[in-house]
Amino acid sequence: MKSDPVLLVHGGAWAIPDDMVEAHLNGVRNAVAAGWRVLEKGGSALDAVEEAVVIMEDDEAFDAGRGSFLNREGKVQLDALIMEGATLRAGGVGCVEHIANPVRAARKVLSESPHVYFVAEGAEKFAQEHGIPLCRNEELIIPREVQRLRALQANASQQPELFAPTISHDTVGAVALDASGNIAAATSTGGTLNKAPGRLGDSSLIGCGCYADNQSAAVSTTGWGEPIMKLVLAKWAADRIASGNLPQWIAAEAMNYLKDRVNGHGGIILLDAQGRFGLAHNTPRMAWAYRTNAKEQSGIRYPV
Ligand code: ASP
């Protein structure tokens, strides 16, 4: 089936402060440009979401790749998932500390392993064996995040609500439809600030922070991971699209469900194989951008 390509990305949902808006907008626009270069040449949705996410992992504005939040022990620990809607092939890595672009490692898992998910040293070993360079953890740490962690740990007793919407959630994600009518999704994150070592959030878990099935939708979520995991929110949304609901309606419903059922907060982007898409967040802001043949748009709130 021939389709007009569509690409949507997000760069986290939270109370993005005014002085960080421009950096977030630049980041999501650059990501869309990179993914679109793949789609306009007739490339696959899978390649497009990978390339879009790599751009945001490399951008220190986001909580993915270098510049991510630090865990309680001052280390960067990264999680990513990529999934293909035509085949349901998926690849994930969790708690990796020496990979600058975990989505690339996740893609290797999808393409070159009979398994779906690798964690920690096993993930790094697999990645290295498949041509992904390893780095030192220090190379992923930037001074801004060292200061941020120090400030939080110094005021730990005065931070009763660690996951208030003012706490940043800068996870990145992308969903795409290619000219062949296939959809794909990818999500990549450094997780939450001051997380316990070994903690995994929703982002890289199939059906929680990321999902793709040509028969339903491609989905990427961001926000406070634990509530999103409990609801298996990406799959929840995809199932409702398979039942005939419109993506924009389901994006909004997913945010209502997240809030009402488990008092969660975050954001979601989703896209079906007909090119219909939806975006929603229940945080003050979410960085997003999309492109179709007819239109290119980005923003810091949706609807604008
Ligand atoms: N959902 C991510 C996590 O809990 C955080 C985020 O979206 O920024 O790990």
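The model is predicted, so local features need pLDDT of at least 70 and side-chain atom pairs count only at pLDDT 80 or more, while totals for chains, interfaces and linings use all residues. Residues are numbered from 1 along each chain as its sequence is written, and side-chain values use heavy atoms, with hydrogens and water left out.

I begin with the ligand. Around the ligand there are 13 residues, and those that come nearest are Thr-171, Arg-199, Asp-202, Thr-222 and Gly-223; a residue counts as near if one of its heavy atoms lies within 4 Å. The shell comprises ten polar residues, three charged and no nonpolar; here Asp, Glu, Lys and Arg count as charged, Ala, Val, Leu, Ile, Met, Phe, Trp, Tyr, Cys and Pro as nonpolar, and the others, Gly among them, as polar.

Next, the individual contacts. A nitrogen atom of the ligand lies 2.6 Å from a polar side-chain atom of Asp-202, and a ligand nitrogen is 3.4 Å from an N or O atom in the Ser-203 side chain. On the backbone side, a polar atom of Gly-225 is 3.0 Å from an oxygen atom of the ligand. These are polar contacts, that is, pairs of N or O atoms within 3.5 Å.

I turn to the salt bridges, each a side-chain nitrogen of Lys or Arg within 4 Å of a carboxyl oxygen of Asp or Glu. The whole structure has 18 of them. In one, Arg-107 meets Asp-47 at 2.6 Å, N to O. Because Arg-107 lies in helix α3 (residues 102-112) and Asp-47 in helix α2 (residues 45-57), the pair ties together parts 60 residues apart in sequence. Helices (H or I, at least four residues) and strands (E, at least two) are DSSP runs, numbered from the N terminus.

Finally, the backbone. Tyr-302 and Pro-303 are joined by a cis peptide bond, with omega about -5°; Pro-303 lies in the segment after β12 (296-299). Cys-95, in strand β3 (residues 90-96), has a positive phi of about 55° although it is not a glycine.

Notes: A polar contact is a pair of N or O atoms within 3.5 Å; within protein, one must be able to donate a hydrogen and the other to accept it, and residues adjacent in sequence count only if both atoms are side-chain atoms.
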